[in-house]
Every structure is written in structure tokens, then in C-alpha cells.
Amino acid sequence: MGAAGLADRLAAARAGALVGREPERAVLDLMLSGAAHAPLVAYLHGPGGIGKSSLVRYAAQQAELAGRRVVHVDGRFLDADPRRLEEAAAPACTEPGTVLLIDTFEQSQPLEAWLRETFLLRLADQAIVVVAGRTAPDAEWSVDPGWAQLFTALPVRPLDPAESDALLAARGVPAEQRGAFVAFAGGSPLALSLAASVPPAAPGAPWYPTGDTLTTLVERLVGDLPSSLHRRALEVVAQTYVTREPLLRAVLGDEDTNTVFPWLRQLPYIEITPEGLHPHDAVRATLEADLRWRDPERYDDIRARISLAGLEAVRSATADDALLRVAEWMFLFRDHGGPDNLYNYRTHPHIEDTPLRTDDAPAVLRMAEEAEGPASAAAVAHWLRRQPEAFRVHRYTGSTTPVSFMAILRLDAPLPEDRAEDPVIAAVWDLVETAAPLGPGEHLGIRRFAVQPGGGQRPSPLIELISRRTLAEEMRIHGRAVTFTVFEDADLWGRYLAEAGMPEVAAVDVGGLRQHVFGRDWRRQAVEQWVQDRARTAVMPLATWPAIASASGPGDQLPRAAFEEGVLEALRSWHTPREFATSVLLRSRLVAPGSPDPAADLRGAITTALDAIQIDPAGVKAHEALTTTYITASRTHRAAARRLGVPYGTYRRHLALAKERLIEQLLLRQPATDPHRRSETSAVPQGNVLRDKRLLPPVEPSATVVDSQSVKADATVTHASREF
């Protein structure tokens with residue numbers, strides 16, 4: 001009695017936890033009804049943890065309620081041996097109306113042809129079959145004209161957000177906690193259930209999956225993998241919106257890509273689309289969170305490599321495809337928390353980004369005046385005459401009417417008429433001539449206008465496309481020394497742009513409307529390095545304005561942040577000579593001028609500085625941690641901790657101290673030579689010299705106020721006064 005009661009309660013609890021799945025349940029109910037037009041074989045397929053077994057249990061419960069005999073076979077115990085399946089499923093061949101359920105069929109996939117062509121033909125009258133497995137059924141079920149009428153494939157999809165929320169509610173998760181669970185789980189019932197079993201540590205605290213949860217999810221969703229190469233391939237797929245062979249090749253190399261790409265295409269949790277390979281959301285979220293928890297350094301390294309490959313994809317794309325490639329690159333930053341998630345990888349097929357047409361000018365001027373006033377419209381009119389090719393106009397698909405516009409100006413010399421007609425450009429040229437003069441062949445670019453209906457530059461699909469076009473220009477244009485972008489709302493966009501390494505450098509009053517200018521000097525950090533740093537969670541982008549002019553010639557001094565990042569990059573590439581030979585430190589005073597072997601000089605300087613950090617017991621331990629990690633090259637940080645025989649947390653502290661002391665020693669050999677800038681190593685006490693490098697910005701040249709009369713009668717320009 002007690003056992004029967006427990007079984008009933010267990011069945012009731014499972015039935016209550018099954019949410020959604022109405023289409024699949026409708027097909028199973030139809031089959032159980034015995035209707036003449038109902039299929040006799042249903043094949044449920046989908047990735048692990050998606051809910052196939054729950055549907056199999058539903059079929060069993062409904063069959064028992066209908067008085068049918070149920071025969072349940074577990075594919076894990078068949079060993080792809082047809083005799084075992086015959087033994088386990090024998091009653092379905094003798095008792096009419098039996099319901100044969102074969103779960104975990106992916107473990108016995110070699111039996112599929114035999115099942116279709118031999119065994120199922122022996123079933124008793126009115127018997128029905130439900131097969132569930134991770135792998136989709138082969139095409140023969142549908143190609144055969146007989147089976148095509150008796151067979152149905154039921155792909156089990158992720159739960160939608162409402163269904164996910166309902167499942168969590170059934171598990172008793174409070175409403176205020178469900179959002180984080182739903183966002184992580186990607187519609188996977190298994191991920192939702194595991195997340196619900198580990199609530200936040202405290203009410204209101206953010207929820208993160210624990211290491212145990214991630215380990216279980218990887219085992220259940222992904223399963224065993226053939227090799228570490230296959231795991232690395234999945235780690236790449238988990239970070240990218242869509243994976244094609246060129247991107248995978250850029251990260252893994254030719255030979256490895258040839259090995260794993262065909263394998264990826266066969267995985268049940270990988271969807272093949274015209275754009276490339278997409279992983280199931282739950283698999284993506286789990287693999288990403290697991291790697292970030294398990295090996296943060298490798299996580300950052302993969303992201304940096306993907307980001308660099310994305311840059312190359314943007315550069316090699318056609319002008320029409322560049323926005324799509326930028327959107328795919330943006331997927332890396334979908335969780336960075338910009339204004340309403342500016343970095344959005346979604347497409348907007350209902351909006352067209354087009355060049356300016358000859359008959360667009362009246363509509364563009366009207367939008368400018370409505371959104372920003374007559375002074376701004378006058379500046380737009382000037383640039384429509386001067387650089388019409390700089391404008392991009394947005395229209396809804398099927399319409400010729402402009403709904404928004406932007407302009408990215410390219411300037412290589414200050415012209416009096418530009419200064420007179422546009423106060424923002426006047427202020428920008430003052431900044432450039434003061435702090436970052438252009439050299440031969442260099443030019444500046446400025447995203448000057450971004451106008452949408454209703455004014456303002458609030459996040460929207462139109463502003464998003466403007467941002468994509470701006471990024472595409474930055475990634476594709478050669479010879480650009482300095483970049484600026486203009487926003488009205490500094491409160492909304494300022495922090496976000498500063499985190500991307502683009503601080504506010506000026507504020508300009510144009511006809512009563514305040515325009516905020518944000519700047520970047522690409523001569524301090526190349527685009528290639530920026531996209532990699534942007535992707536690394538542990539590296540804050542370098543604030544690259546204003547430029548540092550060296551009084552002693554190029555290469556005599558590196559900016560502090562670039563120097564410190566160069567040290568870390570040299571350690572990471574210690575055993576890859578080709579990468580080491582491109583170190584930014586080769587342009588520092590660590591290398592003797594005219595050296596016949598600069599790379600050897602740099603290695604010697606780092607080795608000497610590394611030996612010098614052993615000035616106390618803590619320094620000895622720090623030295624051991626760093627040499628074990630980089631010089632003798634342990635495979636992972638955890639492996640290095642095991643070699644040293646210390647807990648992982650202790651190892652991480654030793655390694656952080658080692659990096660600080662190594663940089664401190666190397667800075668002693670990197671004298672400040674810029675007369676316009678105080679020495680960073682002497683500006684703070686020695687014990688604090690290695691606090692966060694981005695808290696030690698270069699000192700901006702003296703802030704000035706540009707006389708509004710010299711620019712335009714109604715324009716006042718104020719340079720940013722803070723250090724950045």
C-alpha cells in the first residue's frame with residue numbers, strides 16, 4: 001500500500017511538473033485514441049535535458065489510464081544488440097494495443113534501420129510505438145511512402161519564457177527570482193530544475209549557477225566528448241552567435257577545424273542554419289558559465305581570439321554584409337549591460353541602411369531641425385554640401401521615405417568654413433591640434449549626427465543600426481588616427497563609452513542643445529588590440545585620449561596601461577616565439593636601440609626582473625607561481641596550483657602578487673621621458689604604484705573654454721575638465 005501510494009504521488013508530481021508541450025501531447029493523445037488517421041510510430045528527438053523523458057512518461061501514464069499495456073525499454077541497456085531489444089519488447093509483439101516506449105535511443109542508434117525494416121513489422125494489432133533520442137531520425141522514415149503515412153517526427157523544442165516561468169512556479173521558486181533562472185536556462189527543463197534546486201544565497205542576491213550545478217549540466221546536456229580538441233571547439237561555439245568554418249579555423253587552426261567541424265554538425269544540440277551552426281541556448285549558457293568558472297584565463301583567451309576573428313570577418317565582408325558581421329561580433333558583448341543592451345545581435349530586416357539619395361536632402365534637413373533645432377540643421381546642410389557620401393539614411397522596407405539618418409565625417413585638415421558652420425567640428429579640431437596632431441597620411445573620423453524620429457538618441461533599432469555602421473567604419477577604414485562620436489545624453493551613454501575606452505573629451509552648446517563629444521586615439525591602441533581587450537573580462541579597455549606626444553621620438557615610452565598589458569601578453573606568449581616577437585614592449589626602453597635581437601633583450605629583461613622579485617618569502621612564492629604558470633608552462637592555472645601543492649585560491653593570490661611585482665621591477669627600467677606628463681612611478685607612493693592601471697590615467701592638457709564668438713554666435717564650447 002505504501003509503495004503504491006509513493007508511486008502514485010511520484011507520478012502525480014511528475015505530471016504536475018510537465019508544462020507546455022501541447023503539440024507533442026496532442027499527437028500522443030491522438031495515437032492513444034486509436035484514430036484511423038493517427039500515426040503508429042512517434043519519434044521524439046532533441047538535446048539532453050529538453051524534456052523527452054517527461055513526454056515518454058506522459059505517454060505511459062495516459063496509456064495506463066486508457067487500459068493499455070505499457071512496455072518501457074531503456075536504450076542504454078540494449079548495447080545495440082537486436083536480440084536484447086526483441087527480448088525487452090516481446091509483449092508488444094503478442095498483446096494487441098500495447099504501447100512500446102523506447103527511451104534514450106541514441107545509445108542504440110545503430111538499431112534504427114533494423115527497428116524500421118524488421119522489428120516493427122512484427123508488432124501486434126493496434127500497438128503503437130514512441131521512440132525518444134537525442135539524434136534526429138534518419139530520412140528513410142519519410143522517404144518510404146509507407147512509413148511516411150504511419151510515422152511522425154516530433155522535435156522537442158526549448159520552453160518559451162512563459163512556460164519556463166510556469167515550470168519554476170511549479171517548483172516553488174519565488175516570482176522575483178525566476179527571471180535570472182529563465183535567462184540562464186534557455187528553455188531547458190533540466191537547467192531550470194537544477195537552477196531551482198540552488199536558490200540565491202540570500203533574498204534579493206543575484207543568482208549564479210554553482211560549480212556542482214554546472215558540472216551536472218555539462219554531463220547531462222553535453223555528455224562525454226571524444227577529446228580536449230572537441231571540448232575546445234564547443235567552447236568556441238558557445239561564445240559565438242553563429243559558427244562557420246573560417247571563424248573556427250581562425251581560433252583552432254586548419255587541421256583541427258577539419259577534424260571537428262563535421263562532428264559539430266552532427267550534434268543533437270547544434271542547429272544547422274543557412275548562416276552556420278547555432279548551439280541550443282541551454283548548452284551555450286552552460287558551456288560558457290562552466291568555462292568561465294573552471295578556467296577564467298582560457299575563457300578570456302577564447303573570447304579574445306573570437307573577437308579578433310570577428311574583426312577580420314567585418315573587414316573581409318562586402319559593404320552590405322558588414323553590418324551583419326558587426327552584429328555577430330556584438331554577440332560577444334550581449335551581457336555587458338549597455339543602455340538597454342546596445343550591443344544587440346538581433347537583426348532588423350524591416351529597416352534598410354542606405355546611402356544618401358539626391359532627393360533625401362529635404363527630409364534629412366526637416367528631421368534635423370525637428371530633432372535638434374535650426375542650428376544643428378544648419379550644420380547638417382553644410383555637411384550635405386561638403387560630404388554627402390558621409391551620410392547614411394534609414395528607411396522601412398518597401399518605403400522610400402527616410403526615417404532617420406547619420407553621418408560619419410572624414411577630415412584630414414581644418415578648413416575655416418567647417419569651423420564657421422559647425423561648432424562641434426571647431427571644438428574637435430581645437431582638441432586635435434592641442435593634444436593629438438595628425439601626421440602625414442592620417443585623418444580623423446567623427447560620427448557627427450545620429451537623428452531618429454522624436455529626437456534624442458535613446459536605444460532603438462535605428463540607433464542600434466547607427467552604432468553598427470559606426471563600428472563597421474572603425475574596423476574597416478585604414479589611416480584613421482583619431483575617432484570621435486557625438487551624443488546628446490552623456491548620462492545615458494557616457495559610462496558605457498568610457499568602459500569601451502572612449503571617454504568624454506568635450507561638450508559643445510549648439511543652438512541651446514548640449515552636444516557631448518567622446519574621443520579615441522587609435523595610435524595609442526590599434527583596433528586589433530582593442531577588440532581583444534574588449535572581449536577579455538579581466539581587462540578594462542585603455543582610455544585612449546588624449547594622445548601622448550613623445551619628446552624623444554617614437555618608441556621611447558609606452559603609456560602605463562599599454563606597458564602593463566604588454567608585460568602580461570609577453571608572459572602569455574612566452575612559448576610562442578612568433579607572437580612574442582610582436583610584443584608592444586619591443587618599442588619600450590626594455591630593449592636596447594638597434595639591438596640585433598630585440599626579442600632576446602626583452603626575454604632577458606623579464607627574466608632579470610622576475611629573479612629580482614624574490615626579496616622576501618612572499619616574493620619567493622610569487623616567483624614560483626609565475627614561473628610555473630608561464631615559464632615552465634603548466635596547461636592550466638589549476639594544474640599549476642597542483643604542481644605547487646597549494647590551494648587554488650592561495651595560488652591565485654601568489655600569481656597576482658607576482659604580476660604586480662614583476663611590472664614594478666620592469667617599470668624601474670622604463671623611465672618617463674615625456675615632458676608634458678608627470679612620472680607615474682613617482683607620482684604615487686612606491687607601495688601603491690601597482691594599483692589598478694586604469695586608475696592612473698594620463699593627465700589631460702590644461703582644460704580650456706573656446707570663445708563662442710570665434711566659432712559661432714550661438715555656440716559655447718567647454719572642454720571636459722576631468723582627467724580620464
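Gln126 is exposed, with a relative accessibility of 63%, where exposed means over 50% relative accessible area, buried under 20% and partly exposed in between (1.4 Å probe, protein chains only). Gln126 belongs to the loop between α6 (112-117) and β4 (128-133); helices (H or I, at least four residues) and strands (E, at least two) are DSSP runs, numbered from the N terminus. Although Gln126 is not a glycine, its phi is positive, at about 65 degrees. Most residues other than glycine have a negative phi. Arg21 likewise is not a glycine and has a positive phi of about 65 degrees. Arg21 sits in the loop between α1 (2-17) and α2 (22-33) and is buried, at a relative accessible area of 7%.

The structure is a predicted model, in which local features need pLDDT of at least 70 and side-chain atom pairs count only at pLDDT 80 or more, while totals for chains, interfaces and linings use all residues. Residues are numbered from 1 along each chain as its sequence is written, and side-chain values use heavy atoms, with hydrogens and water left out. The predictor's confidence in each residue, pLDDT, runs from 0 to 100; its mean over the protein chain is 81, and 83% of the residues reach 70 or more. Two segments with pLDDT under 50 are residues 339-343 and residues 671-724. For residues 339-343 the model has 19 contacts beyond four places in sequence, a contact being heavy atoms within 4.5 Å. For residues 671-724 the corresponding number is 116.

The protein chain contains 32 helices and 16 strands. Of its 724 residues, 52% are buried. Among contacts in the chain with a separation of 6 or more, 69% are between residues 24 or more positions apart.

Several individual positions were examined for burial and contacts. Leu78, in the loop between β2 (70-74) and α4 (82-88), is buried at 3% relative accessibility. Beyond four places in sequence, Leu78 touches Val73, Arg84, Leu85, Ser108 and Leu111. Leu111 is 33 residues from Leu78 along the chain, and the C-alpha atoms of the two are separated by 9.5 Å. Ser164 is part of helix α9 (residues 161-170) and is buried, with a relative accessibility of 1%. Its contacts, not counting residues up to four places away in sequence, are with Leu159, Val182, Gly187 and Leu192.

His350 is partly exposed, at 40% relative accessibility, and lies in the loop between α18 (322-330) and β8 (351-355). Apart from neighbours within four places in sequence, His350 contacts Arg395, Tyr396 and Thr397.

The largest nonpolar core has 65 residues, of which Val222, Leu234, Val236, Leu252, Leu264 and Trp329 touch the most other members. A nonpolar core is a set of buried Ala, Val, Leu, Ile, Met, Phe, Trp, Tyr and Cys residues joined through side-chain atoms within 4.5 Å. Beyond four places in sequence, Leu252 is in contact with Leu229, Arg232, Ala233, Val236, Thr257 and Val260. Phe405, Ala427, Ala481 and Val510 are among the members of a second, separate core of 40 residues.

Cavities were located on a 1 Å grid over the protein atoms alone, as sets of points where a 1.4 Å probe fits but cannot get out; lining residues have an atom within 4 Å of a point. Grid points are joined across faces, edges and corners, and a volume is the space filled by probe spheres set on the points. Three cavities of 30 Å³ or more were found by this rule. The largest cavity holds about 330 Å³ of space. It is lined by 22 residues, and Ser467, Thr470, Leu471, Leu497 and Met502 are the closest to its centre. Elements giving two or more residues to this lining are β11 (443-451), α23 (461-476), β12 (480-487) and α24 (490-499), with α23 giving the most, at six residues. The lining of the largest cavity comprises 15 nonpolar, four polar and three charged residues. In this classification Ala, Val, Leu, Ile, Met, Phe, Trp, Tyr, Cys and Pro count as nonpolar, Asp, Glu, Lys and Arg as charged, and the others, Gly among them, as polar.

Key: On a 1 Å grid over the protein atoms alone, a cavity is a set of points where a 1.4 Å probe fits but cannot get out, and a pocket is an open set with protein on both sides within 12 Å along at least five of seven lines; lining residues have an atom within 4 Å of a point.
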